Structure formats: structure tokens, C-alpha cells
Amino acid sequence: DRRGEISMYSYFIRRFLLMIPTFIGITFLCFTVTRFVPGGPVEQAVLRYQQAMSQTSEGGGGSSSSQTTQGQISEEMMQRLKEIYGFDKPFYVAYIQWLWRVCHLDLGVSDTHSRPVWDLIKEKFPVSIIFGLTGFLLSYTICIPLGVWKAVKHSSTFDTASSVLVFIGYSIPGWTAGVLLLMLLGGNAYFDLVPLGGKESAAIQPGSYLSQYLQQGGVAADLPEAIRKEYPNLKDSDTINSNHQAYQHIPAEKRAQLTTGKHDDLTWFGRFLDTAWHMILPVFCYVLGLFASHTVLMKNSLMENLGQDYVRTAFAKGLSENVVIFKHALRNSLIPIATGLGHMLSIILAGSYLIEKVFNIHGFGLLGYESLIARDYPVTLGILVIGSMLKLFGNIVSDFLYCIIDPRIRFS
């Protein structure tokens, strides 16, 4: 009715407005910590300067008193360093200025990479989404049928055996399983079935499985001199595949099937196989992190609904077991699972930090991990902004999905 629609709209308006103080509270707390924690960028710059001066003194000799003088930082230099890194103002003033820039979509420049933070995030974000989203969707694809079957076969041998696997998965973090699987299946210590990390092959050796998918190509040295001037970055020893713009200028008799190359030298199917090969273990670790909790949640939710009065009434009307379970009970049982879709991106990014570190995947999580270790605060705070906004919007999306799935919700 009209009153219910007004209540729903007012509820979501309040939720959106509540995001503002919540976001300010999250970012202010973290920003304040970066201002008072020891070992920040100013201290690291001073340490690098002192180490450089020490090495210069050791190489050129000199007395200990002159070495001490060279290692000292003048007040003017210290003040300049604080201005460069934004530590020359009180933390509350610096926070207001930083928040104003964030509102204008300016996350600053990375201290480590000397590049805009937005560019770094846009470059790394798709990598994490591909790996994380694949694992997230696979976990739902596996956990929902498994949880339903465990509920239907409760206390059976299948339920007991699968519960053992679920509890093992629940007790082992995904990144820990990644380390163990890399030791077992990669590096030729025991087996050499999977790559040791990365998202694609850096080099494809002759005789390897992927070498059969290499494209036609040629050597840059065979290009006409006029064409070579158009591509100054090409060296004589560089190979050019058939997708390169300069390939058409290579004489036909110089073209041949490539025997070595890299990921970009593969056909589209070869690139797909190469990426899938590198995704096996990381995606498995993503699935492992969600596998146990979603399976148990699905089972318990369905078992709870199977004990409700409407299910007993459906059985009393003579409906078959499949109709009662899959048409009536399953829909209500999916509510806790479906509402978790709102936090999909935030869950993916939260689980990617250590997994990307273990598998050396240059994505959003590894960028956050390395920036935190290096005290690269512009990147750290930029990732905090993205993560907190995804979490806050995810809460609202979850509530919205809950309203769509469960019509019993009343906002009044």
C-alpha cells in the first residue's frame, strides 16, 4: 500500500544519510592512526637519507664527527619533508583537506609508485574482480546444492562425510591452504602441476603444452628500416606476433610459427587456457573461504523451514516431497544466502589481500598489502575509501534484496 511504500523510501533515505557519518568516522579514525603511528613516510625518508650519507662516508672516508654531521637532518629539510608528505599541519586540518579532495575524487599520489592512486586502483581492481568473482560464484554454485542435499539427507552417511569436509574447510584459512598446495603441487618439489603464482605466463618454453597455441610471428630485425623508426621501443631480438601492427610489414618468407613467447603471443584460446591454469589454485582458495559457512548456512536455513507449519500443511495436502522442498521451502531458505550478494564485492576484496600475496597476483589486495607494509598512506587510505564505500553500499543492497525476496518485511 501507499503507507508501506513511504515507509520503505524513508527507511532507505535514512540509511543513505547514515552512510555519511559512518564514512567520516571510519576514515577519521584510520587517518588519525596514520598520523601518529611510528615509522611513517617522513621517518622512512630520513632513514633513507641517513643510510645514503653513511654509504657515501664509508666509500669516501672521513672522520666519525664528519659522518655524524652528514647524517643529521636540518630543521629546514625536516620541515620540507613534512610539507611534501602532508605532515606539516595538525591532523584534524590535514583530515579535512584530505576529505575535501576525496569528495572531488582526488585520492592523491602514491609515495611509492609516484602515480595517482586512482590510476593504481583502476589498474589493479579488474584483476581482483576476475579472480574473486569467479571464486564467489563457484562457491554459491557448489554450496547451495550441497547444503540442500545435506538438509534432505540429514544424519545420513553422506551428511556425516560431507560435514567432515565442511569442518576441515572451515578450520583452514584460504591463504594457508594456498601455501600448502603450492608446496605440494607447484615448483617440482613434489609435483609440477600448477604455476607458482601470477595471473599469466611470463615465458612459454618450446615443447610446453601452451607452445602449440603460439601465433605466427617474426623478428623485429626483419622489419624495413622505415617501419623500425615508427616503433623505437622494438629491439632487433624482439619477436612480433600476428596481432602486432608491424607484423604485416615482415616479409612473408621471414614469418614462421613462434616456438617461444609470452602470454600475449598466444591465440585467444591459448590465453584463455593460460589464465585458467593460473586461476586454479587462487580460485580454489577463494571458494574454500566461503565454502563451509555458506554450506552450513544453507543446510540450517532449509532444515528450519522444513519444520515450519506451512511445510507440514503442504505435506498434509498430498504434495510430493520435491514440490514441497524445492517450490515452497527452498525459496524462503535462500533469503540468508541471497542477502549476502550485497556484500559480494567487499567480501571479494577483503579475502584477496593474503591470497594475492601468496600467489603473487598483482591485484587490488596485493596493492593494499604492499602499501600498508611500505607505509604508503595515500594508497592505503584510497583503498580504505573504496572498501568502506563498497561495504556501506553493500549493506543497503542487502536490505533491498531482503525486501524483494521476503514480502513479509514491514518498514513501518
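## Terms and basis

Buried means under 20% relative accessible area, exposed means over 50%, and partly exposed lies in between (1.4 Å probe, protein chains only). This is a predicted model: local features need pLDDT of at least 70, side-chain atom pairs count only at pLDDT 80 or more, and totals for chains, interfaces and linings use all residues. Residues are numbered from 1 along each chain as its sequence is written, and side-chain values use heavy atoms, without hydrogens and water.

## Aromatic pairs

Phe12 is buried, at 11% relative accessibility. Tyr11 is partly exposed, at 22%.

The whole structure holds 16 aromatic pairs. Rings of Phe, Tyr and Trp (its six-membered ring) pair if their centres lie within 6.5 Å; planes under 30 degrees apart are stacked, over 60 edge-to-face, and the rest tilted. The centres of Tyr11 and Phe12 are 5.4 Å apart and their planes stand at 75°, so this pair is edge-to-face.

Phe28 and Tyr95 are also edge-to-face, at 5.1 Å and 85°. Phe28 lies in helix 1 (residues 2-36) and Tyr95 in helix 5 (residues 91-103), so the pair ties together parts 67 residues apart in sequence. Helices (H or I, at least four residues) and strands (E, at least two) are DSSP runs, numbered from the N terminus. Tyr95 is buried at 5%; Phe28 is partly exposed at 34%.

Three strands form an open sheet in the order 2-1-3, with antiparallel pairing. Strand 2 (239-241) and strand 3 (256-257) are at the edges, each with a single partner strand, so one side of each has no neighbour in the sheet. Strands pair if DSSP finds at least two bridges between them. Two bridges join strand 1 (residues 216-219) to strand 3. Gly217 has Ala256 as its bridge partner in strand 3.
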